[in-house]
Amino acid sequence: MRRAALLFRKDLRVLRRSPFLLAVLLLYPLVIAGLVGLVASYASAKPRVALVDDDILPAQITVGGRTFHVERTIDRVAQEVTLVRLEGEEAERQLRSGRIVALLRVPRGFVADLRSMARSPRLELETTRGGLSVRVTQQVQSLVYQLNRQLEDAYVEANLEYINLLVEGGTGNFLGREFDVLGLKRAEALLDELPPGPRLDRISEFVRVASAALGATDDALRATANPIELVEADDEGRTWALSAQAQSYALALTISFLALLLAAAALAAERDEGVFARLRRGLAGPGELVAAKTALAAAAAVALGLGIVLAFGAIIELGGVEGGQPWSRVPLLALGLALAGAAFGGLGALLGALARDARTASLVAILAVLPIVFLGLVPREVAPAAASVSDAFPFAHALRFFTAALFDLDPLGAAVREGAWLLGLALLFCTAARLALRRLDA
Amino acid sequence: MTTLLTARGVSRRYADLFVLEPCDLELRAGEAVALAGPNGAGKTTLLSILAGALDPTTGRVESSGRIGWAPQRPALYGKLTARENVELFARLEGVPPLPTDLPDRPAATLSVGQRQRLNLALAFLGSPRLLLLDEPTASLDPVRRQELWERLDGLCAGGGAVCFVTQDLEEVRRADRVGRVEDGRLAFR
């Protein structure tokens with residue numbers, strides 16, 4: 001291993017003397033991590049949904065005595081989608097071409113049904129086929145739920161007014177028809193003026209109990225409308241950008257690119273400089289060369305990874321973000337970074353051994369790392385086959401290791417399991433790289 | 001005379017193409033052997049096999065003592081200085097480094113001649129008894145060429161040997177034996 005150590009020190013020196021390459025190697029994966037983050041944000045961006053108003057909604061609608069400003073209400077509840085008003089034909093055309101992902105139609109008679117409070121008005125939804133349709137359906141369901149929440153208060157208020165009318169008596173209005181109600185309290189007063197008797201007592205008792213029962217209807221009616229109420233606490237958690245999950249993704253992404261590219265290019269560069277033939281005359285064998293490149297990748301992964309962790313930590317501490325940075329986990333994280341760097345370094349060394357020259361090796365490494373990363377980002381529940389393929393590469397294991405180290409209350413189990421995977425993959429790729437060097441350069 | 005290196009039936013084939021037909025070669029103490037022939041004849045391949053930088057497809061090479069090798073294209077780390085290159089390869093070989101008068105700047109920035117001198121300096125590391133040099137005087141100025149030949153003469157006089165590839169007839173005349181390599185076949189005249 002003395003010779004591997006000499007070559008490792010040489011590689012560090014060469015890297016230090018290549019500031020442009022070093023900057024690109026450090027910045028490129030960070031840029032990629034940022035871009036993937038942007039893409040992830042875009043994936044959760046609001047889908048475009050057409051609103052086709054066949055009923056010609058008025059500017060204001062009064063339901064149960066409460067007036068709703070239609071535009072303001074729609075803006076308030078449509079937070080998960082971008083609603084665009086379109087004519088029916090144009091909306092159908094855009095739905096077919098995919099410019100909008102869904103069409104929400106307000107059919108004729110909607111407002112009349114809404115005002116009547118006697119029949120549920122209907123909204124009609126059409127969606128495109130494919131991956132987004134489920135999500136859009138859920139978001140429109142959420143929109144309708146939000147609208148219902150707004151209306152439900154009005155309905156409850158209106159019903160309570162009817163109940164109050166029954167208790168107090170007076171003039172009411174239903175479906176545009178006015179009517180006069182005696183009311184329980186006025187009935188009780190009238191009963192008091194009648195001559196006493198056992199039958200009158202029974203009627204008076206009923207009126208008294210009914211008044212008391214209807215008086216308690218308020219809370220019961222609200223509870224029936226909301227059997228379970230979700231109370232949202234003030235948002236005191238950290239933003240997604242500073243979350244432990246974001247750190248895990250940033251670490252795994254940057255390490256993947258850096259370690260793979262570095263090891264692949266460094267090994268192929270030995271051949272480019274013509275030194276490989278000199279080394280194989282008993283100066284350093286394929287195993288020692290692969291070990292040196294793997295160690296280089298691991299060292300670079302630890303250095304860059306800890307830099308990212310420090311940067312995240314500084315922002316979190318300076319911003320006083322709740323939860324803080326888990327500093328006590330840094331040694332465990334450093335171990336994960338080293339193992340992930342070694343696994344990707346081994347894979348990079350294999351690519352470098354197969355590619356023959358540094359330019360080809362770098363290109364192949366970039367081409368290889370993208371599918372490896374994207375495979376690792378596919379949730380197992382969505383595509384089990386992709387997840388199984390991803391298990392054969394270090395990215396998903398590194399991601400799970402970092403997530404456990406930063407997130408889990410007791411990270412040891414996951415760290416040992418994923419660490420063993422990373423170590424196994426590192427040994428496997430290094431052995432393959434050694435064999436490739438021995439066979440191809442003999 | 002002591003035999004420093006023996007090659008028996010060594011050949012090299014890439015896919016179905018023999019770039020070097022099976023051949024035998026002995027390098028004995030005190031002699032200088034030249035390998036000459038047209039471009040692509042197999043001279044560099046033969047020398048690389050003798051140096052252990054390339055595995056023969058058939059045959060084997062046996063040697064006694066340290067062998068120095070200077071490939072046709074200088075094999076150096078361009079980002080390391082001349083001194084650092086010498087120190088690194090000396091450590092890898094486990095021999096003391098030799099002083100060099102080459103400029104202390106990255107090898108990639110040296111002139112072609114200076115790079116060739118560094119290439120030769122690495123061949124001399126560990127004071128080998130046998131030197132295998134591929135076109136050693138290419139890019140060297142006349143003074144350096146003369147210095148090199150004097151050094152090689154001294155090596156042979158001291159019981160060492162040298163085998164070199166050349167295209168130069170003047171240099172061929174310096175050899176005790178000349179091996180002609182043509183179409184992958186080696187023949188001594």
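Among the residues that line the largest cavity, six are nonpolar, one is polar and three are charged, where Ala, Val, Leu, Ile, Met, Phe, Trp, Tyr, Cys and Pro count as nonpolar, Asp, Glu, Lys and Arg as charged, and the others, Gly among them, as polar. The model is a predicted one, in which local features need pLDDT of at least 70, side-chain atom pairs count only at pLDDT 80 or more, and totals for chains, interfaces and linings use all residues. Residues are numbered from 1 along each chain as its sequence is written, chains are lettered from A in the order in which they are written, and side-chain values use heavy atoms, with hydrogens and water left out.

The structure holds one cavity of 30 Å³ or more, a cavity being a set of points, on a 1 Å grid over the protein atoms alone, where a 1.4 Å probe fits but cannot get out, and its lining residues being those with an atom within 4 Å of a point. The space in the largest cavity comes to about 50 Å³, a volume being the space filled by probe spheres set on the grid points, which are joined across faces, edges and corners. Its lining includes A:Arg278 and A:Arg281 from chain A, together with B:Trp69 and B:Glu93 from chain B. At least two lining residues come from each of β5 (67-70) and α3 (112-123) of chain B, helices (H or I, at least four residues) and strands (E, at least two) being DSSP runs numbered from the N terminus. The most is given by β5(B), with three residues.

Between the chains, 27 residues of chain B are in contact with 23 residues of chain A, contact meaning heavy atoms within 4.5 Å. The area buried between chain B and chain A is about 2,300 Å², of which 51% is given by carbon and sulfur atoms; buried area is the accessible area (1.4 Å probe) that two parts lose on being put together, summed over both. In chain B, the most area is lost to chain A by B:Tyr77, B:Lys79 and B:Leu92, which together make up 30% of what that side buries.

Three salt bridges are found across this interface, each being a side-chain nitrogen of Lys or Arg within 4 Å of a carboxyl oxygen of Asp or Glu. The side chains of B:Asp55 and A:Arg280 form a salt bridge at 3.3 Å, N to O. On the side of chain B that touches chain A, α2(B) gives the most, with six residues.

Over all chains, 29 salt bridges are found. In one of chain A, the closest N and O atoms of A:Glu168 and A:Lys185 are 3.1 Å apart. Because A:Glu168 lies in helix α6 (residues 131-168) and A:Lys185 in helix α7 (residues 184-192) of chain A, the pair ties together parts that are 17 residues apart in sequence.

Technical notes. On a 1 Å grid over the protein atoms alone, a cavity is a set of points where a 1.4 Å probe fits but cannot get out, and a pocket is an open set with protein on both sides within 12 Å along at least five of seven lines; lining residues have an atom within 4 Å of a point.
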